[in-house]
Amino acid sequence: MEKKTLIFLFGIFILAFVLRVLFLKDLALTFGYDQARDAYVSQQILKGDLKVLGPPASTPGLYHGVLYYYLLAPAYLLGQGSPVVVAYWIALLNAVTVFVVFYLGYLATKKPIVGLLAALLFAVSFEATQYATWLSNPTTSVLTIPVFYLGLWLWIKEKKNYAPVIAAIGLGLSIQSEIFLAYHLVPLTIWLWISRKNITKKQLLTFSLSLLAVLSTMILSEIKFGFKGISGIKALLIAQEPNLAYAKSLGDYLVLYLNQIGRIFSFNSYPGNIGYGGGFVVTLILISIIKSKKFILTAELFLVTWLLSHLAVVTVGGISTPFLMVGIGPAVSIIVAIYLAIWFNSGKKAIAVFILAILLFGNLAMIFKENPKGSTIFAIQKDMLLQKQLALIDYTYGKAEGKPFSINTLTSPLWINIVWTYLYNWYGLSKYGYVPQWHGRDQIGQLAGLPATEKTTNKYFLILEPMAGIPQRYLGETKAEENSVSDLLEEKYFGELIAQERLRKNAEK
């Protein structure tokens, strides 16, 4: 490979990393319940409390792999508990995907320009930059899913003996990060069947053993905790609406699927308009299918199975779970790069250059518009940003003037104070030398808690999180409960975050 190509590729990698961490200096980092929970668990591991059970999935009984906790742990150690340092670490792994995308694009076409175009499109992908600083277990699959498909291509097309191991590692790590990504077994099965004449029993055994090794912690956790995953799988298979009159029909799922892939395709091509971006990639898929007279291994059809792989699990997640399609974005970058190269070399240079410019502009514009607000694609509570949370914490300490104070919170999930417990212990304690007390509902069963309120403490605060995900009635109930023990002095807004300064009623002097 030419030195010039490698220099361009490294430049694209630097661009990718810069775009991913561009707003971290401003603390534009979403930090909610999941992030605080994972921070605590990762630091428990650092203290010697080793884990085998990963984060819980949305389906009761199912759990993701534990690897994510171990991936976070070194960064939390290095950053002394700072989630910002962890975000830089995850962003670096995300940017490394540039090299995998380049290599797969290059291998599939034998053209370095396709690899470079694919790497560039992935580098500026709006969705990829959103995943880069989203501290949640699915985000690592932005890297591991392309590794799986790279291994699969090396296996069935390049016929490399080591390829089954790469494919197994990529797939296994993806399932570790998000258990539902096992749906990529469907494209795997399709291509192994089509290529069965060239697949040996030894290769299948190597792949299977390697996959089991990567998934060993998940298998161990199933054994240790009584095979709870079986009940979770059963719940998925027999899931049904409680009222049959409102149950989804086949057409509903078709619309849901089209809406899902339209969003993901758009976020990786032209995020400024879901219809244009999604329609553009769907058109490329249709062209790829039509021009292939037989279902044989071509770069385009290989990518089509990757792009449409989510069809196998469309019934288990709606638009509220966009991360079920994590890792599909890189395939968008590669297939777009292939067609841009085809058009450029077929006398349509102006069109190819124009489309590339539009795609680059669209993604960069969306990055500068949305990324200062955090992970807006995934966050339910949009204003749970570190910059606003720390500003609120500074406000409480400023009002307390160095004296003890107590807090209560309204949170999502309800009555779980883990976010504020973590932030006050990491940020507040190091900056001000003490943490607040707690006068809300009991913290029994939580990963960590704040000390109970002393009788002489009269400075109270009520912290109200953004109401998305919180039933409205609890806002009134929480305020009423707080009014029974304290009087409102001042209300301060930090975006959708609210801090109420209060004075305890009948406080002892």
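Okay, let's start at Ile-393, which sits in helix α18; helices here are DSSP runs of H or I with at least four residues, strands are runs of E with at least two, and both are numbered from the N terminus. Ile-393 has a relative accessibility of 0%, so buried, where buried means under 20% relative accessible area, exposed over 50%, and partly exposed in between, with a 1.4 Å probe and protein chains only. What does Ile-393 touch, leaving aside its neighbours within four places in sequence? Trp-420, Leu-423, Tyr-424 and Tyr-427, with contact meaning heavy atoms within 4.5 Å. Leu-311, on the other hand, is 82 residues away along the chain, and its C-alpha is 44 Å from that of Ile-393.

Quick housekeeping. This is a predicted model, so local features need pLDDT of at least 70 and side-chain atom pairs count only at pLDDT 80 or more, while totals for chains, interfaces and linings use all residues. Residues are numbered from 1 along each chain as its sequence is written, and side-chain values use heavy atoms, with hydrogens and water left out.

On confidence: pLDDT is the predictor's confidence in each residue, from 0 to 100. The average for the protein is 91, and 95% of the residues score at least 70. The stretch to treat separately is 240-246, where pLDDT stays under 50 and the model has 4 contacts beyond four places in sequence.

Now the overall picture. We've got 20 helices and 5 strands. The radius of gyration is 25 Å, close to the 23 Å from the globule rule for 509 residues, so the protein is as compact as a globular protein of that length; that's over C-alpha atoms, and the rule is 2.2 Å times the number of residues to the power 0.38. Of the 509 residues, 53% are buried. And if you take contacts with a separation of 6 or more, 74% of them are between residues 24 or more positions apart.

Back to the aromatics. The structure holds 29 aromatic pairs, meaning Phe, Tyr or Trp rings (six-membered ring for Trp) with centres within 6.5 Å; planes under 30 degrees apart are stacked, over 60 edge-to-face, and the rest tilted. Take Tyr-397 and Tyr-434: centres 5.3 Å apart, planes at 90°, so edge-to-face. Tyr-397 is in helix α18 and Tyr-434 in the loop between α19 and β2, so to speak a link between distant parts of the chain, 37 residues apart. Tyr-397 itself is buried at 3%.Then there's Phe-405 with Phe-461, centres 5.5 Å apart and planes at 85°, so edge-to-face. Here Phe-405 is in the loop between α18 and β1, Phe-461 is in strand β3, and 56 residues separate them. Phe-405 is buried at 0%, and Phe-461 is buried at 0% too.

Two arginines sit over tryptophans: Arg-196 over the face of Trp-193, at 4.0 Å from the ring centre, and Arg-441 over Trp-415, at 4.0 Å. The test is NZ of Lys or CZ of Arg within 6 Å of the ring centre and within 35 degrees of the ring normal.

Most residues other than glycine have a negative phi, and most peptide bonds are trans. The Ser-412 to Pro-413 bond is cis, with omega near -5°, and Pro-413 is in the loop between β1 and α19. Lys-110, in the loop between α4 and α5, has a positive phi, near 65°, and is exposed at 51%. Lys-159 has phi near 55°, lies between α7 and α8, and is partly exposed at 46%.
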